[in-house]
Each structure stands twice: as C-alpha cells, then as structure tokens.
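Here's a quick briefing to read with the model open beside you.

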Amino acid sequence: MASSTARPEVRNPQHEDEIARRLLDSSATLSYDPATEVDWDTPLDKDFHGASPEWSTLYGTAYWNELTEEQRRELTRQEAASVASTGIWFEMILQQMVLRDIYAKDPTRPEFQWALTEIADECRHSIMFARGAEKLGAPAYRPHRVAIELGRAFKTLAFGEAAYAAILVAEEVLDVMQRDWMRDGRVVPFVRTINNIHVVEESRHMRFARDEVRKRMRGVSRVRRHLHAVVIAVAAYVIVTSMVSPRVYEQAGLDRDRAMKERKANEHHKSMMRSSCKGLMDFLASAGLLTRPALLFYQRAHLI
C-alpha cells in the first residue's frame, strides 16, 4: 500500500548483482560439508558442556548454584539441542520464504543463484543441527503448537522487508551466542565445530538479508512500515521465546516448575540477550522498523 508521498523505489540491478556475485564467490571459497567436517563418530564426552554455561537460562539463579557440575553440563547440552531444534524450525520457514520470493524470477541473475545457494546452505545446516541434537542425547524438541501455527502463517504471508528482517533477527540472535560457544573450551568439540560452520556461513546470509531490507524499505508507505515493524517484532518474540523448550529441564532431571519460575526472573540471562542484540536493534532503528508498538514486543522478549 503506497502513499502518494512515498518516494519510488530506486533499484540498482548492477549493484545488486555485484553483491550477489561476491556472496557466491565467498560461498565457493569458504563453505563446509558438515558430513565430513564434524566429528560424528567419537562418542559424546559428558565431561563437556553443550553451550557456554553463562548462556544457560538458569545461570546466575539460586537453582543453578544448587546444581552439581554434572547437572549443569547436562542442562547446557539439552539447552543447546533445543536451540538447534528451534533453528531447524525457523530455517525451514526461511527456505520457503526465500524460494517463494524468487519464484519465476530471472535464473540467470546472480541474485537468483545466490538465493538458491542460501537455501542449499540452510538445508545442510538443518541436517547438521538435527544430527548434533541427536548426538547430545536430546529428544525432538518442538516449539509450542501456537508458535508452529504462527510460523505456518508467517511463511505463507510474509513478504518483502518483513520476511528478510525476520530472517535477520533469527540469525543475529543465534550468531552472537554461537560465537561465544565456538571459542569456549568447556563446550564439547563437535558442538564448537557446528557453531563455527554456522557462524561462517550465516555471515553471508545476514549480509544479504540486511541489503534486502534496505532495498525493500525504499519508498514504502508509513502504513506499511508501521505494519511490518510490528509483524517483524512479533516474529522475533515468537522465535526468541521458543529457543529453549521447558522440556529441557525435565530431560536434565530438574524440577520444571521451579526452573521456569527462576528462568523468568533471571536478570543475567535477560542482560545477555539484550547485549547480544544491540547491533540488530541499531540496524532495525536505522531502517525505520523500531517503532513504539514494535518496541513492546522486543522488550517482552528482552531484546532491548
């Protein structure tokens, strides 16, 4: 819905093709095959964490202080598996949105070919996450049914800047925590390798998503901008609150009710999330997508 005062979108196909060519060249030069890069054969060493302890949803709580080191390691392994499972869920949404976006477009364009490359990357990442969660000894964690249905609607209806900004939100949040995990010697080696692969390859995807958001925000009406700002914020809220399933506490042998109560009051974890999202929030603000109604959802998700 364009207003009469909106500036027309000024596209620069040559610039867009140049960005896509650079991304394709980077993918050809620096990509990984998780089937051979990750050590799938060595049995799980339970002397390691599944994620940096400081990223645990219970770190800093009274409950965490009561846990044995063995319990803490098991909890972080289950939490890492849950994050991986949520990643699979959203990467499946991402793949469908990108495929829908390029449907019937010119396949000779580098931008089209990069989009297919990104989809191929996400397929490999999803398989990698699935095998990683299995090796961590975790069940199939799934988001709440409401989140699944909201995701079903989002992947079908979202378009333009709403689709690409939501992709960026999901990848940015994962990127910061995984950069910590991949450098942490306390984390089991195969998980560190998984995180390294994902960080390297997703850096290209995030570059593409940022460029797409900027391009598609040119000339949009005020109504569309405000509407999509809220849609993106709701998507961010659903993604972030779905990352760690309440089931992880039972799987780790903890009291689920107490764990959920202390998790909700955990100021340390809220601070970690806020600090990890500063760059993302700055970008959304610069794109005009950090409106007052949207802020309410980011605040509820502790992203700002």
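This is a predicted model: local features need pLDDT of at least 70, side-chain atom pairs count only at pLDDT 80 or more; totals for chains, interfaces and linings use all residues.

**Cysteines, a helix and some holes**

The points below start with the cysteines and work towards the pocket and cavities.

**Cysteines**
- As for disulfides, the count is zero.

**Helix H7**
- H7 runs over residues 160-183, and its 24 residues should span 34 Å at 1.5 Å a residue.
- The C-alpha atoms at its ends are 35 Å apart, which agrees with that expectation.
- H7 is largely enclosed by the rest of the structure, because 20 of its 24 residues are buried.

**Ser126**
- You'll find Ser126 in helix H5, which covers residues 110-135.
- Is Ser126 buried or exposed? With a relative accessible area of 10%, Ser126 is buried.
- Setting aside neighbours within four places in sequence, Ser126 is in contact with Ile88, Glu91 and Gln95.

**The largest pocket**
- The largest pocket holds about 900 Å³ of space.
- It has 38 lining residues, and those closest to its centre are Val240, Thr241, Ser242, Val244 and Arg263.
- Elements giving two or more residues to this lining are helix H4 (69-102), helix H6 (145-157), H7, helix H9 (222-241), helix H11 (256-264) and helix H12 (267-276).
- Sorted by class, the lining of the largest pocket comes out at 19 nonpolar, 11 polar and eight charged residues.

**The cavities**
- How many cavities of 30 Å³ or more does the structure hold? There are two cavities of that kind.
- The largest cavity has about 130 Å³ of space, and of its 16 lining residues, Ala80, Ala84, Phe129, Ile194 and Asn195 are the closest to its centre.
- At least two lining residues of the largest cavity come from each of H4, H5, H7 and helix H8 (189-217), with H4 supplying the largest share at five.
- That lining has 11 nonpolar and five polar residues, and no charged ones.
- The second largest cavity has about 70 Å³ of space, and its lining includes Glu91 and Glu171.
- H4 and H7 are the elements giving two or more residues to the lining of the second largest cavity, and H4 gives the most, with five.
- By class, the second largest cavity is lined by six nonpolar, two polar and two charged residues.

Notes:
Residues are numbered from 1 along each chain as its sequence is written. Side-chain values use heavy atoms; hydrogens and water are left out. Helices (H or I, at least four residues) and strands (E, at least two) are DSSP runs, numbered from the N terminus. Buried means under 20% relative accessible area, exposed over 50%, partly exposed in between (1.4 Å probe, protein chains only). Contact means heavy atoms within 4.5 Å. A disulfide is a pair of cysteine sulfur atoms within 2.5 Å. The expected span of a helix is 1.5 Å times one less than its number of residues. On a 1 Å grid over the protein atoms alone, a cavity is a set of points where a 1.4 Å probe fits but cannot get out, and a pocket is an open set with protein on both sides within 12 Å along at least five of seven lines; lining residues have an atom within 4 Å of a point. Grid points are joined across faces, edges and corners, and a volume is the space filled by probe spheres set on the points. Ala, Val, Leu, Ile, Met, Phe, Trp, Tyr, Cys and Pro count as nonpolar, Asp, Glu, Lys and Arg as charged, and the others, Gly among them, as polar.
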